[in-house]
Amino acid sequence: MTRVQHVNRFFLILAAPAIGLLLCLLLFPPQLDLQLDTQAYKSESRVSVSSAKLLQDLDTAEISAKSTSDSLQQTLNLYNQTTQTMSSIVQKASIQASRPENIYDKRIRSKLGLPIETVDSDKIRVELFRVNAVTYKGYAMKVKLKDPSAMRMSLAGETLGSSETTLKAVQRHGAIAGINAGGFADQDGKRYPLSTTMMDGQYLTGFQSSFKDLYFVGLNGSGKLIGGKFDRQDQLDKLRPQFGASFVPILLKDGKKTAIPAKWKASPKRAPRTIIGSYKDDQLIIFVIDGYNEGGGSGATLEEIQGQLYKIGVINAYNLDGGGSSSLVMNGRVVNHPSDGTLRPVPTNFLFFK
């Protein structure tokens with residue numbers, strides 16, 4: 001027997017027991033019977049009474065929540081529909097309410113002609129027109145104050161006795177337009193406002209009872225033009241003036257012509273003029289009439305201006321300082337033609353703001 005055969009026989013003898021065991025397992029497989037107690041771990045086949053009640057309550061809550069959600073959605077839809085309807089009603093009402101105002105404004109424009117310049121903002125609308133009458137020429141400025149703060153009066157140098165041109169006042173305050181305001185008196189090289197003058201609701205030199213042909217004109221807190229002759233301070237205070245100045249004479253009051261004193265009809269007969277007035281809807285109208293001097297041979301008479309203002313439907317009108325004082329500034333430039341050849345410094349100016 002060779003060495004290899006000896007080795008093979010040796011390993012065969014070693015593997016014999018394992019082979020025999022494997023044959024026995026194949027021929028006679030064992031029967032396994034695993035005994036486990038799983039009864040304690042089985043769940044109950046029925047739900048407890050409390051759990052059933054809880055499930056029922058949850059179902060009821062779900063139905064209620066769905067009903068509430070549907071109801072809220074219906075309410076929201078109804079609210080949106082109501083809001084849209086109300087908005088539509090308000091819009092239509094606003095349009096209807098503005099129609100009379102627009103119609104009246106068109107009537108005013110039809111008498112003034114086409115504006116040559118317009119400034120329109122949230123606070124103010126200013127329209128500039130040419131005035132071409134047979135005997136005089138000038139400019140008209142129609143002003144709608146959407147906000148009362150869009151018009152103020154300036155005091156030159158913010159102190160009594162000072163004076164400045166309307167152009168300088170406009171530039172200093174950043175206004176869009178301006179006109180000369182009340183009359184003045186010169187004393188000791190200084191220029192003082194004439195008679196009763198108010199700024200920011202305060203009297204600059206105290207109240208002075210109206211005398212001769214003087215009047216007071218200004219604006220109240222609502223942006224309405226107020227004016228007239230006042231014997232007592234309480235009469236003026238009732239109108240709650242915010243600012244104003246004085247001069248002569250009144251041309252129209254409550255839609256009627258007032259008597260022009262003979263003195264002012266002839267001295268001077270014709271002159272450059274500045275007039276401020278108001279329509280029944282509280283829009284302002286300003287006339288600035290040109291003239292080449294103060295000698296009485298150029299410009300307009302007070303009766304001519306009074307008649308024209310009356311024809312175009314102005315309700316109240318007040319003659320402001322005229323002659324070389326008449327000035328109209330708009331959009332940073334002097335619109336009229338001052339009779340002095342240059343603007344005259346004055347103590348007070350009415351200014352308009354965007």
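How many of the 6 residues of strand S10 (residues 215-220) are buried? The first legend takes up this question, and every view comes from a predicted model.

**View 1. Strand S10 and its two partners.** In S10, 6 of the 6 residues are buried, so the strand is largely enclosed by the rest of the structure. One partner of S10 is strand S12 (residues 241-247), paired in the antiparallel sense over 6 bridges. Here Val217 stands opposite Ala245 of S12. Strand S11 (residues 225-228) also runs antiparallel to S10, joined by 4 bridges. In that pairing, Phe216 has Gly228 in S11 as its bridge partner. S10 and S11 make a hairpin, with 4 residues between the two strands. Within the turn, Gly223 has a positive phi of about 80 degrees.

**View 2. An open sheet of 8 strands.** The strand order is S1-S2-S3-S16-S15-S17-S13-S14, and the pairing is antiparallel. Strand S1 (117-120) and strand S14 (256-257) stand at the edges. Each has a single partner strand, so one side of each is left without a neighbour in the sheet. Strand S15 (residues 273-278) pairs with strand S17 (residues 316-320) over 5 bridges, in the antiparallel sense. Thr274 stands opposite Leu320 in S17.

**View 3. Helix H6 against the sheet.** Which residues of H6 are buried? They are Leu302, Ile305, Gln306, Gly307 and Leu309. The buried residues of H6 pack against S13, S14, S15, S16 and S17, and also against helix H5 (262-266). An α-helix has 3.6 residues a turn, so residues three or four places apart point the same way. Gly313 follows H6 and has a positive phi, near 90 degrees.

View 4. Ile250 lies in strand S13. Is Ile250 buried or exposed? The relative accessible area of Ile250 is 13%, and the cut-off for buried is under 20%, so Ile250 counts as buried. Leaving aside neighbours within four places in sequence, Ile250 is in contact with Tyr215, Gly228, Lys229, Thr258, Ala317 and Tyr318. The C-alpha atoms of Ile250 and Gln306 are separated by 9.5 Å, and the two residues are 56 apart along the chain.

View 5. Ile19, Leu23 and Leu27 make a nonpolar surface patch of about 310 Å². Ile19 sits in helix H1 (residues 3-27). Ile19 is partly exposed, with a relative accessible area of 46%.

**View 6. The protein as a whole.** The protein has 6 helices and 20 strands. Of its 354 residues, 39% count as buried. The accessible surface comes to about 21,000 Å², and 55% of that area belongs to carbon and sulfur atoms. Among contacts between residues at least 6 apart in sequence, 69% join residues at least 24 apart.

Methods: Residues numbered from 1 in each chain as written. Predicted model: local features only at pLDDT ≥ 70, side-chain atom pairs only at ≥ 80, totals over all residues. Heavy atoms only, no water. Pairing = 2+ DSSP bridges. Patch = residues over 30% accessible without salt bridge, like charges linked within 9 Å, V, L, I, M, F, W, Y side chains within 5 Å. Areas by Shrake-Rupley, 256 points an atom, 1.4 Å probe, with all protein chains shown as cover. Salt bridge = Lys/Arg side-chain N within 4 Å of Asp/Glu carboxyl O. Buried < 20%, exposed > 50% of the residue type's maximum accessible area, 1.4 Å probe, protein only. Contact = heavy atoms within 4.5 Å.
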